[in-house]
Amino acid sequence: MRAVVKSGVGVFTPQGFLDGNSSSAFISMEDIEATIKLNADMILVSLKKVIFFNRNGLDAFVKMFAKIRTAHHTTVGFCDYDYKKFQAINKFYKNELNFCLFQSQEIASLFASSFKNQNKNILLFSPDKSQSAAMAIELHDNGHNPIIAQTQEEFNIKIKAQNAYDIIIKDTYLGQMGQKVATRVTGNAIIYSVSSFLDAEIGNTFNISYHNNSLNVGFRLFIFEAYKVVSMNVHALNFFSKLASSGAEYNATICFVGLTFEKTPLSFKETLEDSGIMFFNQMDDILKNKELLEDLGASSAANVKTKRVLNKVLVTELPNFINATVRTIEMMTNAKAVKQSVNINKIEILEKENKIASSIGFYGDIDGMIILIFPTGIAKKACELLIGEQTDDEEMILDTLAELVNIVGGKVKTLLYDEGVSVDITLPRTYQSIDALLEVAQEKKGVQVELSFNNDKFLFFLTR
Amino acid sequence: MITQDKIDGFIRKIPPSPKILKVTLMFLEKGELVKAAQIAKEDLALSAYLRVLVNKPIYGFKNQVNDISQIFGILGVARSQQAVYNYMITLLSPDKWKLFKLNKTSFENLQADLSANWHKILVYLNINDKDIGSSITLLPASVIVSEALFREHMDEVSLLRSVHAIDLNTILVRLCSIDLFDICEQISIKWEMSDNVALIIQASSGIKPTNDVTLNNLGKWMHLLLFYTLSKPNFIEAGLNDFIDFQIDYAQDVYDDFSKVMDL
């Protein structure tokens with residue numbers, strides 16, 4: 001069974017009856033490993049469509065959870081259950097609950113590393129005080145405003161206040177959380193959250209591929225949020241020094257925020273500063289200082305190291321890229337595509353109005369970036385298949401567009417693999433306007449292909 | 001990906017029920033088991049199918065049964081009719097499965113599991129109606145239709161489902177405004193099955209309840225039975241567990257009785 005991966009959360013959804021025989025047929029370790037490769041840092045099994053389960057049925061998953069958490073520092077658990085199922089799981093694993101339970105996927109996403117919607121007002125209640133506190137800390141760290149109800153009575157009263165809370169958390173349990181370096185994007189800066197002791201393990205928990213691809217895609221400012229770091233040792237020092245050196249050729253800046261040197265030798269700070277790393281006390285010192293942001297390169301996501309040109313291998317594979325894109329859009333819109341023109345030049349978009357764009361990078365045997373520019377009409381039509389209805393909700397369209405570009409990326413990966421070319425794909429990125437896209441791509445040279453879907457012009461651009 | 005033309009083409013290609021089967025069913029309808037068996041024997045493929053089907057462990061017969069008259073005699077009118085319809089459905093199945101990891105035997109096992117358990121359910125519900133008994137035979141047709149329509153689009157479907165939880169039935173509805181169960185209904189019409197068969201099958205989709213309380217209730221049982229069957233390891237591994245969405249709320253109110261019948 002394949003998982004659906006969204007915002008770093010991979011969810012498997014078995015249906016029907018889970019017992020000792022069926023569970024291992026539903027999900028294998030290979031399925032989970034494949035999900036981890038899609039940048040999932042949380043692996044969940046949804047019980048939404050399970051009508052019957054017993055302890056043996058869950059055990060098969062729990063054993064896999066333990067292996068995965070150890071190997072990949074991934075958060076694991078179950079989600080999408082009602083009170084009866086929550087009670088049953090608690091009864092089965094009374095003193096050995098070391099996985100997470102999230103009442104819904106929405107709640108799970110609040111605890112995921114790759115969350116994006118911050119500042120939610122969240123009411124939470126757990127009869128276990130240590131659980132309430134643990135959840136509140138995690139939520140606060142992730143940029144939300146948690147409000148803890150101390151008792152069931154208080155929870156019942158507070159819940160009546162309509163519209164006071166964006167999300168209400170109950171029947172949820174935080175087992176061992178993953179210890180991957182959490183990543184989020186704010187504007188054109190990428191923020192990594194690190195905590196506790198930084199040692200050689202940072203090399204395993206930091207997603208270096210994601211970082212490198214962010215550099216390729218054009219990000220230049222990387223902030224390590226280090227309020228909760230107690231100390232670092234020389235292995236971590238070397239890691240960050242190397243990271244800074246490798247980013248220098250892109251003119252990237254690495255900053256630490258909130259790192260104290262009470263238990264870390266001050267000489268480490270000097271070494272890191274020599275590598276070009278900067279230190280700030282508060283996140284707002286950077287994010288609210290526009291002048292500084294501009295100096296650090298976060299006001300524009302333009303890729304300084306853009307001298308990379310299209311190479312022969314990439315051009316040879318062009319039909320595969322176009323084929324993947326065309327087949328995906330045709331599938332999503334049930335319309336036929338007609339190729340109109342092909343040019344090799346800098347990206348040229350004559351009409352910027354009513355268009356949205358998205359991009360996805362790929363790396364491995366070959367590397368580069370696919371940019372797709374959709375007339376809003378085609379984007380809406382393509383999204384209808386996934387959403388199931390027409391919508392004008394821009395956020396939803398952009399979200400769905402990201403899924404669509406992910407499909408294109410996945411298809412490219414498969415087509416290239418069939419020809420013996422191995423690549424991985426990055427997370428997709430969407431742009432609300434063409435101007436936002438041009439900040440990243442206007443200086444890039446690439447192949448521009450104009451396609452027409454039912455007379456709507458659609459633009460494909462392949463670059464490095 | 002899939003167009004209305006392709007669906008129309010599939011429906012057009014559904015063959016009319018063969019003459020021997022029509023006559024066999026006619027005699028079964030009249031309760032004339034001996035005459036029905038004599039006709040059925042003329043179709044060697046049907047005879048072979050019936051022998052394999054009733055000798056599967058789920059039918060629970062202690063001794064091997066080979067003679068068609070004996071088979072019809074043991075099964076009785078309703079279950080004999082059900083067995084003949086099961087055979088008719090296999091006429092639509094592909095020689096080689098591509099979308100689902102099935103073969104002739106595993107598909108017949110699916111039919112046998114569904115039919116035998118449907119019989120248990122009808123006994124529990126005290127329903128003795130030939131058409132209702134046969135309605136279960138149309139359910140695996142939804143698997144055949146999925147295979148026929150989606151087998152050339154496996155990569156697209158797989159990629160689509162890696163980013164969005166969407167079942168084949170929903171994809172079909174959103175692309176062509178028709179679902180798998182509508183196509184099954186077309187099969188039932190072409191094969192002159194009773195109207196109730198189509199109504200139960202539509203209700204068993206879990207998304208199209210019928211106003212007839214009894215038939216709707218049977219739809220719930222059938223929906224639950226389908227997912228009970230598709231939760232077996234061999235069918236999960238065949239990729240059948242999530243080809244349509246399990247509507248847990250729809251089937252919830254018959255679950256307790258279902259668990260009694262299935263001894264859960």
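Me: Before I count anything, what counts as a helix or a strand here?
Reply: Helices are DSSP runs of H or I with at least four residues, strands are runs of E with at least two, and both are numbered from the N terminus. This is a predicted model: local features need pLDDT of at least 70, side-chain atom pairs count only at pLDDT 80 or more, and totals for chains, interfaces and linings use all residues. Residues are numbered from 1 along each chain as its sequence is written, with chains lettered from A and ligands numbered from 1 in the order in which they are written.

Me: OK, how many helices and strands in chain B?
Reply: Chain B has 16 helices and 0 strands.

Me: What box does chain B fill?
Reply: Its C-alpha atoms take up roughly 55 × 40 × 35 Å along the principal axes.

Me: And how much of chain B is buried?
Reply: 49% of its 264 residues. Buried means 20 or more other C-beta atoms, placed from the backbone, within 10 Å of the residue's own.

Me: Switching to the interface. How many residues of chain B are in contact with chain A?
Reply: 28 residues of chain B, against 27 residues of chain A. Contact means C-beta atoms, placed from the backbone, within 7 Å.

Me: Which helix of chain B gives the most there?
Reply: α9(B), with 7 residues. The helices supplying at least two residues each are α9 (154-163), α10 (168-176), α13 (213-230) and α14 (233-237) of chain B.

Me: Now chain A. Which domains is it divided into?
Reply: Domain 1 (4-169), domain 2 (182-296) and domain 3 (312-463). The bounds come from an automatic or database domain assignment.

Me: How far apart are domains 2 and 3 of chain A?
Reply: Their C-alpha centres lie 32 Å apart.

Note on methods:
Contact = placed C-beta atoms within 7 Å. Buried ≥ 20, exposed ≤ 12 C-beta atoms within 10 Å, placed from the backbone.
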